[in-house]
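Visitor: I would like to learn how to read a few features of a protein model. Could you take me through one?

Guide: Gladly; let us look together.

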Amino acid sequence: MRHELNSDNADHADGTAAPRSVTLRAGAPVGVVPAQRPPASGVPRPHPGPPDDGRDDGASPTSSFARLIGLVIFALVTVAAAVLVVAAGTIGPRVDAAPTDGVFFGLWHVLYATQVPTLKVAASAVALAVLLAAAVASLELRISNRSRRSTDTRTDPLAPKLVMARTAAVFAGPVTVTVLIPAHDEEASLPGTIASLTGQSRPPERILVIADNCADRTVDVARAAGVEVLETVANAHKKAGALNQALRDLLPTQGDNDAVMVMDADTRLDDGFLETAVARLTADRALMAIGGLFYGDQGAGLLGQFQRNEYRRYSRDIRRRRGRVFVLTGTASVFRPGALRAVADARGSSLPGVPGDVYDTAALTEDNELTLALKSLGALMISPRECSVVTEMMPTWRALWNQRLRWQRGALENLAAYGLTPKTFRYWAQQLGIGYGVVALATYVVLIAVTVLAVDSWVWFPFWMGMGALFSLERTVTAWDGGWRARIVAALLLPELAYAMFLDAVYVRGVLDILLGRTAAWKHVAHASATDDDARVVSGR
């Protein structure tokens, strides 16, 4: 299906872009509202983009700091852990009482010890944890508020105060939505993705599938679904490069309220996603982006359940943060075109990347990097609980390893590229927390192993067993909404502990790969066709 489009390229006298007036020349696909201001020239074959900048896609940064970023984090958390151990050893009691022999249920002879940390040690540990959490939250809130009130057009061009001033008394038309779906060999999952869009309570004006180096029937499947297709030209930069080619032609034709949604081809939206997103963008002119809350698809056995519990806890955390965005997920996020144009303009100067590109093709995690870019420019963004999506689970441990290695390396490399700034503080704190968790869990496992090898009889400590039960309760409560399978896996504790050790191994491997300058790359996962049950909306999970 071909759309012929025209646009009005006139600008306001003050130099700001005027809303584009474009009319579709062909009927819209079934279930899609005719566009009010779509792009200017149908679906042109995209330009290959700027010449290769010499960077390998996903290559590790080459600066000394970038190469050493993982070690820097490990050094900091190791020092912190050592200080904590020394402090606990200094103020804590010595364990010199012999264990007690007891009988459990009249059948099982056990040795147990009733030693517990002193009140001073327990109070110090709790106070330190609360103090650190409060300090991070307070500083993050202070930084966020300062950014929202900024009037510095050089450092914070997307700050809400500046955006509101620029758009005062200006009507840019009703909010419209153009959806971009980058797809590489996605013939199996694409129909479900498109159906979730056309079935929205508030459908998008336009759906554009970006077929990137496809060797299957992705193009035919998309056209059969009645949506537009753009095939990339000489793209060697994976998803980021494909999106850059499409956005290079699309963004100049978009008015201030012509929102752009980027959505993975293996994702399905909750029915109210776009209705909520459009309402939020309509109500707040300063809002630059809306990120989705993602939940895991069914299937993949126990491995899939681990991932579903992990995603559910992440979404719960975002809801508890009242929608404050941590990452504008690549599964589904909506952007104002002005925000994306500001990023493209800042590339090569205040932001890393090639000038004119929205996405930095050197980043392994393009969604995380774009989030950092927008935050660095002062953009306001949210993740409403109504904007939820279902995304694929990695079906094998190998596929999960590859995915998480890319995520973890990408996060570290992005921080190395942006450095330590007020806007990246929260992300540095998260990486320090992950690093500390890796050190703490590894130390715990080593101590347990040494204890098992060194003693003739196992000694039980009721206090620490109680701490373990409390931790198990927390894991169960945070996964409760996932159903009985999620609750059982969480309550057992040890399976998720093994899963955490797997993720820690990925983290260590990512640090080593960065240190050694190894090049990472995307690895495509083949998808099975979506079933009717899989196509249910998020609200019915």
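Guide: We start with a cut-off: a residue counts as buried when its relative accessible area is under 20%. Keep in mind that this is a predicted model.

Visitor: Which residues of β6 point one way, and which the other way?

Guide: The general idea is this: in a regular strand the side chains alternate between the two faces of the sheet. Here, Asp258, Val260 and Val262 point one way from β6, while Ala259, Met261 and Met263 point the other way. All of them are buried. With six of its six residues buried, β6 is therefore largely enclosed by the rest of the structure.

Visitor: In what order do the seven strands of the open sheet lie?

Guide: Read across the sheet, the order is β5-β4-β3-β6-β10-β8-β11, and the pairing is mixed. The edges are β5 (228-231) and β11 (380-382); each has a single partner strand, so one side of each is left without a neighbour in the sheet. On average, neighbouring strands are turned by 20 degrees against each other, direction ignored.

Visitor: Does β6 run parallel or antiparallel to β10? And what about β3 and β6: parallel or antiparallel?

Guide: Strand β6 (residues 258-263) and strand β10 (residues 332-335) run antiparallel and are joined by four bridges. By contrast, β3 and β6 run parallel, with five bridges between them. Valine 260 has phenylalanine 335 of β10 opposite it.

Visitor: Which helix packs on the sheet and touches β6, β8 and β10?

Guide: That is α9 (residues 337-346), whose direction makes about 70 degrees with that of β6. Another helix to look for is α4 (residues 190-198), which lies across β3 (176-183), β4 (206-211) and β6 and runs at about 175 degrees to β3.

Visitor: Leucine 351 lies in the loop between α9 and α10. Is leucine 351 buried or exposed?

Guide: Buried, because its relative accessibility is 3%. Its contacts, leaving aside neighbours within four places in sequence, are Val343, Ala346, Ala373, Ser376, Leu377 and Tyr418. Tyrosine 418 is 67 residues away along the chain, yet the two C-alpha atoms are separated by 7.7 Å. Helix α10 (residues 366-376) is mostly covered too, with 10 of its 11 residues buried. Just after α10, look for glycine 378, which takes a positive phi of about 85 degrees.

Visitor: At what angle do α8 and α15 pack?

Guide: Helix α8 (residues 301-320) and helix α15 (residues 494-516) pack at about 80 degrees, with their axes 11 Å apart. The two helices are therefore roughly perpendicular to each other. On the α8 side of the contact are Leu303, Phe306, Gln307, Asn309, Glu310 and Arg313; on the α15 side are Pro495, Glu496, Tyr499 and Leu503. These contact residues divide into five nonpolar, two polar and three charged.

Visitor: And which residues does arginine 404 touch?

Guide: Arginine 404 sits in helix α11 (residues 397-418). Not counting residues up to four places away in sequence, arginine 404 touches Gln307, Glu310, Tyr311, Tyr499, Leu503 and Val506. The side chain of arginine 404 makes a polar contact of 2.8 Å with the side chain of glutamate 310. With a relative accessible area of 6%, arginine 404 is buried.

Technical notes: Residues are numbered from 1 along each chain as its sequence is written. Side-chain values use heavy atoms; hydrogens and water are left out. Axes are lines fitted to C-alpha atoms, for helices over the stretch in contact, and angles run from 0 to 180 degrees between N-to-C directions. Angles under 35 degrees count as roughly parallel, over 145 as roughly antiparallel, 65 to 115 as roughly perpendicular and the rest as oblique. Contact means heavy atoms within 4.5 Å. Ala, Val, Leu, Ile, Met, Phe, Trp, Tyr, Cys and Pro count as nonpolar, Asp, Glu, Lys and Arg as charged, and the others, Gly among them, as polar. Two strands pair if DSSP finds at least two bridges between them. Buried means under 20% relative accessible area, exposed over 50%, partly exposed in between (1.4 Å probe, protein chains only). A polar contact is a pair of N or O atoms within 3.5 Å; within protein, one must be able to donate a hydrogen and the other to accept it, and residues adjacent in sequence count only if both atoms are side-chain atoms.
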